[in-house]
Amino acid sequence: MPRHRRDVAERLALEYLPAGDPAGIKAQIAQKEEEIDQLRQTVAGLRRRLEELEDDGDGRSQSG
């Protein structure tokens, strides 16, 4: 599902989700934690790639 549609679906689900539904809230928390983990993995991969590019460019790392 494209990200935009997923975001809209999540917003609508939150609007109509009963505020006192612990199972629904726990599901949202778990989903967001999974998204955060995926983003962290993506960032780590990008940082590794940047280091590789910087190392290839001048023979030493300039990260930091």
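Me: How many salt bridges does the structure hold?
Reply: The structure, which is a predicted model, holds two salt bridges.

Me: What makes the pair Lys32 and Glu35 a salt bridge?
Reply: The side chains of Lys32 and Glu35 meet at 3.7 Å, N to O. The criterion is a side-chain nitrogen of Lys or Arg within 4 Å of a carboxyl oxygen of Asp or Glu. The pair therefore qualifies as a salt bridge.

Me: How are Lys32 and Glu35 placed in helix α2?
Reply: Lys32 and Glu35 are three residues apart in helix α2, so about one helical turn separates them.

Me: Why is Glu35 called buried?
Reply: The relative accessible area of Glu35 is 16%. Buried means under 20%, so Glu35 is classed as buried.

Me: Which residues does Glu35 touch, not counting those up to four places away in sequence?
Reply: With that exclusion, Glu35 touches Arg3 and Glu10.

Me: Why is Lys32 called partly exposed?
Reply: Lys32 has a relative accessible area of 32%. Partly exposed lies between the buried limit, under 20%, and the exposed limit, over 50%; Lys32 is therefore partly exposed.

Me: How do you know that Glu52 forms a salt bridge with Arg49?
Reply: The closest N and O atoms of Glu52 and Arg49 are 3.4 Å apart. Since a salt bridge requires these atoms within 4 Å, the pair meets the criterion. Both residues lie in helix α2, three residues apart, about one turn of the helix.

Me: Which residues form the negative surface patch?
Reply: The negative surface patch is formed by Glu51, Asp55, Asp56 and Asp58. Asp and Glu count as negative.

Me: What does the secondary structure of the protein chain come to, and what share of its residues is buried?
Reply: The protein chain has two helices and zero strands. Buried residues make up 6% of its 64 residues. Its accessible surface comes to about 5600 Å², of which 56% belongs to carbon and sulfur atoms.

Technical notes: Residues numbered from 1 in each chain as written. Predicted model: local features only at pLDDT ≥ 70, side-chain atom pairs only at ≥ 80, totals over all residues. Heavy atoms only, no water. Patch = residues over 30% accessible without salt bridge, like charges linked within 9 Å, V, L, I, M, F, W, Y side chains within 5 Å. Areas by Shrake-Rupley, 256 points an atom, 1.4 Å probe, with all protein chains shown as cover. Charge placed at Lys NZ, Arg CZ, Asp CG, Glu CD. Helix = DSSP H or I, 4+ residues; strand = E, 2+ residues; numbered from the N terminus. Buried < 20%, exposed > 50% of the residue type's maximum accessible area, 1.4 Å probe, protein only. Contact = heavy atoms within 4.5 Å.
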